[in-house]
Amino acid sequence: MSSLDRFAAQKLAQLAAQDLRRSLVDSAREDGLWICRNGKRLLSFSCNDYLNLTHHPRVKAAAIAAVQTHGAGAGASRLVTGNHPLYGELEAKLARLKGTEAACIFGSGYLANAGIVPVIVGEGDLLLVDELAHSCLWAGAQLSRAKVQTFRHNDLAHVEALLRSHRAQHRHALIVTDRVFSMDGDLAPLAELAVLARAHDAWLMSDDAHGLAVVDGDNPADLKMGTLSKTLGSYGGYLCASQPVIDLIRTRARTLIYSTGLPPASVAAASAALDIIAADPALAAAPRAKARAFTRALNVAEAQSPIVPIVLHEAAAALRAQAALEAEGFLVTAIRPPTVPEGTARLRFAFTAGHPDSEIVRLATIVREKILT
Ligand SMILES: *Cc1c(COP(=O)(O)O)cnc(C)c1O
């Protein structure tokens, strides 16, 4: 064994001893709901495909048509020759939906956050980040070289205290938060954060990866980031903001400049998905209504989004719960550290428009009787 292999094997053994080793499982998604895994057909509550659009006939047809016309790949960075005509159309739709002057599409949500934050703040600036913000906002924070201050989850008093003690010593300040927290399903107090930001001459950025279309409400953030890969059933990330901000991002964001443009099919699929959502307002309300039916059946705090966590604390307990649900035909993957803080391993249920009500009732009964007892 080489020293590198020895290092990898030892590290893996350590992680396995803590129930933190991870592995990939072939998961054949038949549609937006059912998955074939290990030879078993399971009803998935672990897809972020909230409107089941990954398999919608019109979304798939748009992707196929884009391949036929524009090819399988973009061929270069968007700033070189990869900016196929489908981009402009989708950016205009996103800006209209979010009520901003302009939008910019990135290769993924992760690339968007890793690229945006370092353009907006740098050395000598202040960056306030919610402690439960998504990993890729932290990646952007680290790349920015700004002075990072973590605030307690959704704690406005803490944000204010940090602004009071640190704002004056820094040139610019940016507050970043998920709009819908990906592992807890709760919402950031964006209106109140915007008031604080204004009072202290700071800017506000929201990550709406899990909220687009399925969680309504005003978003006063200056920078509205999100993804094409969840509700829209495709792949890619976006930022909606004012024209000068978008122009600066297009000029300076390293993850946009030095990475190939999205395949035309991804852009066309997201664009078709937005049209489907616009034509059927009831569709986007369905996932949260299904999540609420589940939280009512369990008699736990009402769901604020399509995401419902059940915290089981130890990683081993979360893995056992996943196995118990799998035996009943449900796929709910255990979420373990470092995706969630130490001691808060959980089951994370993601509800989609297509989940049958009867299965939600059966799921709640099993969770009540086999997991919460
Ligand atoms: C999924 C997710 C991302 C990353 O988006 P991708 O397009 O999958 O890279 C960013 N932020 C949050 C909050 C997410 O949940």
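Some housekeeping before we look around. Since the model is predicted, local features need pLDDT of at least 70, side-chain atom pairs count only at pLDDT 80 or more, and totals for chains, interfaces and linings use all residues. Numbering runs from 1 along each chain as its sequence is written, and side-chain values use heavy atoms, with hydrogens and water left out.

Okay, domains. The protein chain splits into domain 1, which is 23-54 + 281-371, and domain 2, which is 74-262; those bounds come from an automatic or database domain assignment. Taken over C-alpha atoms, the two centres sit 27 Å apart.

So how do they meet? On the domain 1 side 20 residues are in contact with 18 residues of domain 2, contact being heavy atoms within 4.5 Å. The buried area there is about 1500 Å², with carbon and sulfur atoms giving 60%. By buried area I mean the accessible area, with a 1.4 Å probe, that two parts lose on being put together, summed over both.

The rule also finds two salt bridges across that interface, and seven residue pairs in polar contact, both residues at pLDDT 80 or more. A salt bridge here is a side-chain nitrogen of Lys or Arg within 4 Å of a carboxyl oxygen of Asp or Glu. A polar contact is a pair of N or O atoms within 3.5 Å; within protein, one must be able to donate a hydrogen and the other to accept it, and residues adjacent in sequence count only if both atoms are side-chain atoms.

Which elements of domain 1 touch domain 2? Helix H12 (281-298), strand E11 (307-313) and strand E14 (345-350) each supply at least two residues, and H12 gives the most, with three. Helices (H or I, at least four residues) and strands (E, at least two) are DSSP runs, numbered from the N terminus.

Now the ligand. It's surrounded by 14 residues, and the closest are Gly109, Asp207, His210, Thr227 and Lys230; the cut-off is a heavy atom within 4 Å. A polar side-chain atom of Asp207 comes 2.5 Å from a ligand nitrogen, while one from His210 is 2.6 Å from a ligand oxygen. Tyr110 uses a backbone N or O atom instead, 2.9 Å from an oxygen of the ligand.

Last stop: the salt bridge count comes to 19.
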